[in-house]
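Have the viewer open while you read, and take the points in order.

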2 protein chains.
Amino acid sequence: MPTLGIDLGGTFARAAVVDEQGRILSVSKTALAERSPTAVVEAIAQAAAAAVEAASVSVEACGVGAAGQIHGDTGVLAVGPNLGWRNVPLGEMLRTRLGYRVRLVNDLSAAAWGELHAGAGRGAQDTLTVFVGSGVGSAIIAGGRLVSGAGGVAGELGHIKVVPNGRRCGCGELGCLEAYVGGHNLIAQTRELLATGHSAVLTELTEGDPARVTPVTLEQAAEEGDPEAREVYERAGLMLALAVANQVTVLNPARLILGGGVLTHCPGLRRRVLEGVQAYSSTTSREGLLITEAELGDNSGLIGAGLLA
Amino acid sequence: MPTLGIDLGGTFARAAVVDEQGRILSVSKTALAERSPTAVVEAIAQAAAAAVEAASVSVEACGVGAAGQIHGDTGVLAVGPNLGWRNVPLGEMLRTRLGYRVRLVNDLSAAAWGELHAGAGRGAQDTLTVFVGSGVGSAIIAGGRLVSGAGGVAGELGHIKVVPNGRRCGCGELGCLEAYVGGHNLIAQTRELLATGHSAVLTELTEGDPARVTPVTLEQAAEEGDPEAREVYERAGLMLALAVANQVTVLNPARLILGGGVLTHCPGLRRRVLEGVQAYSSTTSREGLLITEAELGDNSGLIGAGLLA
């Protein structure tokens, strides 16, 4: 029986009806005008109703992928940074509103599950999926099963500590990988460099306007030889490469699936990850490892959420 | 039906008959006079026969825990550092010699499985077991299942890279955690300090004899304020604490089970790991985390191997 997959972002809720093979039968999208839990539940319900109607099928179960730290057993979104939420019982709220069985998972887990069954992970039993976009996240599939952790928050690669008491992360803690490598933080670090006024390259690339800084700006400035940009960029590349390589060593996946806007738009950073996995993962752990790009793009989370339902 | 558990070390093979609850019914031990695969298989067969005879039961399956990197599907010991082995088809050799079904696993996996079912992990579904002895190893249990990895070599926490191109490890690679924190390497680093002749504290503790250095020597010298010993020791403590904390962040276990001679005999290092997990793991990942000592001592691997059979 087809299921409903929901991808809850920071500005839109998307809903899709997905069949057992992970094919999308219909899709619908609703803007999140307000970010209160009640308003967001209404927006999801609207997208869900439209998707179900368009597919003309009956649905009994719904999977939801949402950015943040989720206690899977209870369906509580403990920390939802995109929406500024803390401890929202989203699973229960949706169950009541929609009348479906609801399973709430981390957006990366949903994406990894979608890639496993309908994308870059097909045929594998053990995958490590790493996404670097505005944040950094990962999801682990071991023996064909999602590793959720005791409290449902496994996979938070962005929040491993790479510098004890280092740069403050969006999560509030110090020295997280994401504080150096996440897209928001690549932008923040580049703006800090731009503000010093020392970098002619950065000033030229952005015409001095901090609003024009993207992660690509940093990569370009580094490649053009700006010494400070290079330092920030190479540090980020090394930290990310080491973190991913070390997870390969510990988890020994068959596939390493890379995705997210920063890795897509910054080929130099992506290359550093590929080279870093070769250089720093243990030889035996990477025997037979296939490194591949996520295939399903924005739909991986929708499809995975539907399949997890 | 009871099963046979084998613990293959560097100097002894131990065999035990284990019941379904993980209780040891009989145990036997044979010294490894020679380290050739054929001689070791004979020694194991001798220990196994003695254990089975003493228990007066019939056995059909045998689990073997061995130090090193094991390709689980094929039963091949790819790298066996204690025995100096490479690519030994130990599973098949034992199957032929003993006539039992044989399952070969990493010694840490066996120990973690024993602790899960009969020791410090009882009742948990998600555990991270970290042993620091002469080497550093870990084993991951997620959702009640052992995470083996695609090639059977998951858990190699000792071989994550903590210093790019750093100190050479026993595995041949550079900058591994074990090269700084494993017992053999704590001893090697302390001997290097002793050899400089700068440390009055180390010279006094060992009477100048490198053969008297143990990991405890380093902890004592650091605690007595020797600056160079303190630097090596604090570096090792921080590296280990960060590595363990980061695995807690990524895996979100219910229990962190610590064991191994170095953590048992160096309480200061153990304290640094406990404090480091508090300081450096992400807050949500350690909610509800119980940190505990391994309970079964030397028998965890025997019991776990038997239960995995």
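1. Start with strand S4 of chain B, residues 61-66, which is mostly covered: five of its six residues are buried. Buried here means that 20 or more other C-beta atoms lie within 10 Å of a residue's own, exposed means 12 or fewer, and partly exposed is in between, with C-beta atoms placed from the backbone. Helices (H or I, at least four residues) and strands (E, at least two) are DSSP runs, numbered from the N terminus.

2. Before going on, a word on the source: this is a predicted model, where local features need pLDDT of at least 70 and side-chain atom pairs count only at pLDDT 80 or more, while totals for chains, interfaces and linings use all residues. Residues are numbered from 1 along each chain as its sequence is written, and chains are lettered from A and ligands numbered from 1 in the order in which they are written.

3. Which strands pair with S4(B)? One is strand S1 of chain B (residues 3-8), parallel to S4(B) over five bridges; on this side B:Leu8 stands opposite B:Ala66. Another is strand S8 of chain B (residues 101-106), also in the parallel sense, over six bridges. There, B:Gly63 has B:Arg103 as its bridge partner. Pairing requires that DSSP finds at least two bridges between two strands.

4. Now switch to chain A and look for an open sheet of three strands, in the order S5-S6-S7 with antiparallel pairing. Strands S5 (69-71) and S7 (85-88) of chain A are at the edges with a single partner strand each, so one side of each is left without a neighbour in the sheet. Ignoring direction, neighbouring strands are turned by 15 degrees against each other on average (axes are lines fitted to C-alpha atoms, for helices over the stretch in contact, and angles run from 0 to 180 degrees between N-to-C directions). Three bridges join S5(A) to S6(A), residues 76-80, and A:His71 is partnered there with A:Val76.

5. Stepping back, chain A has 11 helices and 13 strands. Its radius of gyration is 20 Å, close to the 19 Å that the globule rule gives for 309 residues, so chain A is as compact as a globular protein of that length. (The radius is taken over C-alpha atoms; the rule is 2.2 Å times the number of residues to the power 0.38.) Of those 309 residues, 59% count as buried.

6. How do the two chains meet? 38 residues of chain B are in contact with 38 residues of chain A, contact meaning C-beta atoms, placed from the backbone, within 7 Å. On chain B's side, strand S6 (76-80) and helix H8 (227-251) are the elements that give two or more residues, and H8(B) has the largest share with eight.

7. Last, find A:Met1, in the segment before strand S1 (3-8) of chain A. A:Met1 is exposed, with 10 other C-beta atoms within 10 Å.

How values were computed:
Two residues are in contact if their C-beta atoms, placed from the backbone, lie within 7 Å.
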